[in-house]
Amino acid sequence: MLGKRYNINYLSRIPMVAAGKGDLTEPVDHTKSTERSDAEVIARAQHGDADAFRLLYEKHKRRVYSLCLRMTANTAEAEDLAQEAFLQLYRKIGTFRGESAFSTWLHRLSVNVVLMHLRKKSLPVVSLEENAPSGEDDSAKRDFGADDVALAGSIDRLQLQRAVDSLPPGYRMIFVLHDVEGYEHNEIARIAGCSVGNSKSQLHKARMKLRDLLKMNRAEKAGKSRAG
Amino acid sequence: MTCVELQESLAEVEDGTTPEQRAHLRTCPACSALVNDLNLIINAAVGLQEAEEPSPRVWNSIETALKREGLIRPQKRAGSLAHSLFAGWTGRWLAPAAAMLLLSAALLVHNRMQTNTVSEQTAFTVPVPNPSDLNDNDLMQEVAENAPSMQAAYQANLQQVNESIRDAQAVVDESPNDEDARRSLLDAYQQKSMLFELAMDRSLP
């Protein structure tokens, strides 16, 4: 028994989303369980309850921050944007009526915060063709006839993160919105102000570029292993 | 359909399931490998959704702003759940096992950074608790006894956090001075320590 083995005397029940997936606090007490429900917490937050604000932050911080970090590829900017997203959430929470899922509402708000930021920085959000350095769009064609090593097996998460961070901003935006966050092309077209066809085309190019980056990374690793 | 046409068609039908695409893929190993790789990337992308933990200073800044703007009022219940949770992370009840896990991670990461320096010898004189002392079976046994309905959730979380540790550890091993990798490793250990704390919480009378 862990508790007995380590002689733990002062533990409290932790309404925590551990490891980012699901609430691991068993509803031992149904009253407490009810208290912890999203609707209850949101209602409390709408009345300015500090605990409720913090609970909402704890539950959603990873997703919001990860979104900001993936879209900016910059830790300091991502922290500022996550902060801004939550502040906007708290300022507007009184207007949330529950017509949509709270998480959907928050993530849309977060995407808007990031898009506004990128526009302020004059980074082209959707004029994607120009974002890739010359010749990068031909990456797929280069593969044919070349010594083509497939990415067989699985893709390491950290390597994928780095590859995504290395994408040109426009490619990264579409990839994160579609493949990471699950937005549809018509939604991306609407919020980013581009055509559906453009969104599809840029997503495909982003994936091809990622494939190149991941293969390059594996080739470098293999080279190091041989040298070592 | 040529290889170039196949590739262009993937923007519209990404999984290669049109009759024309299928016909080409049956005879072209390079394009088959391409479609497989793209599917791997698509599947792995979902794993980035909650991959990062923000620094504690993010909440500190939010809280300061909320107070400044008068958006929050002081909590009424001194013993509320959230108060216990958030005061507790830096407080007296931080479970020894979880702390040991984090300490182990920090020391291990620290030691790896020092591999080529004189301080390495000093670092290795520090007794490093072994995270494996706190094995997963203990945790699952605790959950089974005190929260049987949560076994599946714990098992899934444990598996995920172990995979994160393994991934990050591999990168740290390869590049000991990589800041991002070390941070990821510590984050992963922090998540695991959280699981242990939750399980131990249930063991109380």
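This note sets out points on the predicted model shown above.

1. Basis and numbering. Residues are numbered from 1 along each chain as its sequence is written, while chains are lettered from A and ligands numbered from 1 in the order in which they are written. Because this is a predicted model, local features need pLDDT of at least 70 and side-chain atom pairs count only at pLDDT 80 or more, whereas totals for chains, interfaces and linings use all residues.

2. Confidence in chain A. The mean pLDDT (the predictor's confidence in each residue, from 0 to 100) of chain A is 75, with 70% of its residues at 70 or more. Where pLDDT is low, the predicted coordinates should not be read in detail.

3. Overall make-up of chain A. The chain has eleven helices and zero strands, these being DSSP runs numbered from the N terminus (helices H or I, at least four residues; strands E, at least two). Of its 228 residues, 44% are buried; a residue is buried if 20 or more other C-beta atoms lie within 10 Å of its own, exposed if 12 or fewer, and partly exposed in between, with C-beta atoms placed from the backbone. Of the contacts in chain A with a separation of 6 or more, 64% join residues 24 or more positions apart.

4. Helices α10 and α11 of chain A. The axes of α10 (residues 185–192) and α11 (residues 196–227) come within 8 Å and cross at roughly 110°. Axes are lines fitted to C-alpha atoms, for helices over the stretch in contact, and angles run from 0 to 180 degrees between N-to-C directions. A:His185, A:Asn186, A:Ile188 and A:Ala189 of α10(A) meet A:Val196, A:Ser199 and A:Lys200 of α11(A).

5. Helices α4 and α9 of chain A. Helix α4 (residues 50–72) packs against α9(A) at an angle of about 145°, with the axes 8 Å apart. The contact joins A:Leu67, A:Arg70 and A:Met71 in α4(A) to A:Arg172, A:Met173, A:Val176 and A:Val180 in α9(A). These residues divide into five nonpolar, no polar and two charged; Ala, Val, Leu, Ile, Met, Phe, Trp, Tyr, Cys and Pro count as nonpolar, Asp, Glu, Lys and Arg as charged, and the others, Gly among them, as polar.

6. A:Leu177. This residue is placed in helix α9 (residues 169–180) of chain A. A:Leu177 counts as buried because it has 25 C-beta neighbours inside 10 Å. Beyond four places in sequence, A:Leu177 is in contact with A:Tyr183 and A:Ile188. A:Ile188 is eleven residues away in sequence, at a C-alpha to C-alpha distance of 7.1 Å.

7. A:Ala73. Located in the loop between α4 and α5 of chain A, A:Ala73 has a positive phi of about 55° although it is not a glycine. Most residues other than glycine have a negative phi. A:Ala73 is partly exposed, with 17 other C-beta atoms within 10 Å.

Conventions
Two residues are in contact if their C-beta atoms, placed from the backbone, lie within 7 Å.
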